[in-house]
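Visitor: Could you take me through this structure? I would like to follow it on the screen as we talk.

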Amino acid sequence: MTLNLYNKSVIALVICSFLLILSCKDNKKVAANDEPIAHEIAEEPFFKLSLAQWSLHRTFNDEGVSPFKFAEMAKAHGFEGLEYVNQIYENQIEALGIDTVIDSLMVMSQLHNMSNVLIMVDGEGDLADPSEKVRDQAVENHKKWIDAAQKLGCHSIRVNTFGTNDPELWLPSVVDGLKKLSEYAATKNINVLCENHGWLSSDAAKLVEAINQVNMENCGTLPDFGNWCVKRKEGAKWGECEEVYSDKYEGIKMMLPAAKAVSAKSYDFDEEGNETTLDYPRILKLVKDAGYTGFIGVEYEGKRLSEKEGILATKALLLKAASGLQ
């Protein structure tokens, strides 16, 4: 046991040292090639800017760029907060172990003076499954990410609430799953956040009802500007959408009172830099009127622009829309 712990410590030290050297070596290159676009804003926005790692999922998953460079890249794009995606680190966790991965991410975030905001958790089971045995296993699976969030200094994890599309089965199931996970998270001072992320979680009224029934301070919402598909073809979690929530702006408004994070989804932009499917000024007014002043995470999901172009376009639109409210 002592030898195993020693070996893990050595591995973590070697990985962190390598990342530090690599980052210092590449700093000038990143600054030169990825210089963020400057925007003249009369006043600071009412929120802080974080980058959702999913905005770079093709860069990490398809192009082979190390996800340990996330902090460096987000810093170069002009962000101050990091929103991690657990599934992007699957290979690294398998090879190095979760403790070494989290230690390395902490080193990189500190090196680049970035705030660790939250971890988006996928693939750890359905917290709203009608089977209590399945739900309980999902709760156990999520606990390591609660621990990881605490270690990184994040305030939250984002969870999914798939399991069933039957509202009568879903409500008591999701309340039970969220309450059990939130009780553990409370011991670590971590929030459990539900995003409108498909199925019944994208029915804002039902999601808010579930959060209210959990009735715990650390169980809240993460309103996403997009993600309003409540039913997909053949009952799939992802894929072709068959039914969209009736009013996404009212949905965001309903979710905001319990919001502890906000996601600025974007898909594409017109010639004036406006999102083609989402009224950003209208949404930001809702966010501001709700008194939210935390991080807003940029999450570009489009395909026409490159990931870098989409990230910077979303950031620019957020700042422009915010300046129009002040």
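Guide: This is a predicted model, and the answers below treat its sheet, its disulfide, its pocket and its cavities in turn.

Visitor: Let us begin with the sheet. In what order do its strands lie?

Guide: The order is S6-S5-S4-S3-S2-S1-S10-S9, which makes an open sheet of eight strands with parallel pairing. Its edge strands are S6 (219-222) and S9 (262-266), each of which pairs on one side only. On average, neighbouring strands of this sheet are turned by 30 degrees against each other, direction ignored.

Visitor: How many bridges join S1 to S10?

Guide: There are four bridges between strand S1 (residues 48-52) and strand S10 (residues 295-300), and the two run parallel. Within this pair, Lys 48 stands opposite Phe 295 in S10.

Visitor: And which strands does helix H11 touch?

Guide: Helix H11, residues 307-325, packs on the sheet and touches S1, S9 and S10. The direction of H11 makes about 140 degrees with that of S10.

Visitor: What about H8, where does that one lie?

Guide: Helix H8 (residues 204-214) lies across strand S5 (191-195) and S6, and runs at about 160 degrees to S6.

Visitor: Changing topic: how many disulfides does a search of the whole structure find?

Guide: The search finds one disulfide. It is formed by Cys 229 and Cys 241, with their sulfur atoms 2.2 Å apart. A disulfide is a covalent bond between the sulfur atoms of two cysteines.

Visitor: Where do Cys 229 and Cys 241 sit in the chain?

Guide: Cys 229 belongs to strand S7 (residues 229-232) and Cys 241 to strand S8 (residues 241-244), 12 residues apart.

Visitor: Is this disulfide right-handed or left-handed, and why?

Guide: The torsion about the S-S bond of Cys 229 and Cys 241 is about 105 degrees, so the disulfide is right-handed.

Visitor: Now the largest pocket. How much space lies in it, and which residues lie nearest its centre?

Guide: The largest pocket holds about 440 Å³ of space. Its lining consists of 18 residues, and those nearest the centre are His 197, Asn 227, Trp 238, Lys 265 and Glu 301.

Visitor: What classes of residue make up that lining?

Guide: The lining of the largest pocket has seven charged, six nonpolar and five polar residues.

Visitor: How many cavities of 30 Å³ or more are there?

Guide: The structure holds two of them, and the largest cavity has a volume of about 50 Å³. Residues lining the largest cavity include Tyr 84, Asn 86, Ile 119 and Trp 145.

Visitor: Which helix gives the largest share of that lining?

Guide: Helix H5 does, with three residues. The elements giving two or more residues to this lining are H5 (98-111) and helix H6 (132-152). By class, the lining of the largest cavity has nine nonpolar residues, one polar and no charged.

Note on methods. Residues are numbered from 1 along each chain as its sequence is written. This is a predicted model: local features need pLDDT of at least 70, side-chain atom pairs count only at pLDDT 80 or more; totals for chains, interfaces and linings use all residues. Side-chain values use heavy atoms; hydrogens and water are left out. On a 1 Å grid over the protein atoms alone, a cavity is a set of points where a 1.4 Å probe fits but cannot get out, and a pocket is an open set with protein on both sides within 12 Å along at least five of seven lines; lining residues have an atom within 4 Å of a point. Grid points are joined across faces, edges and corners, and a volume is the space filled by probe spheres set on the points. Ala, Val, Leu, Ile, Met, Phe, Trp, Tyr, Cys and Pro count as nonpolar, Asp, Glu, Lys and Arg as charged, and the others, Gly among them, as polar. Two strands pair if DSSP finds at least two bridges between them. Axes are lines fitted to C-alpha atoms, for helices over the stretch in contact, and angles run from 0 to 180 degrees between N-to-C directions. Contact means heavy atoms within 4.5 Å. A disulfide is a pair of cysteine sulfur atoms within 2.5 Å.
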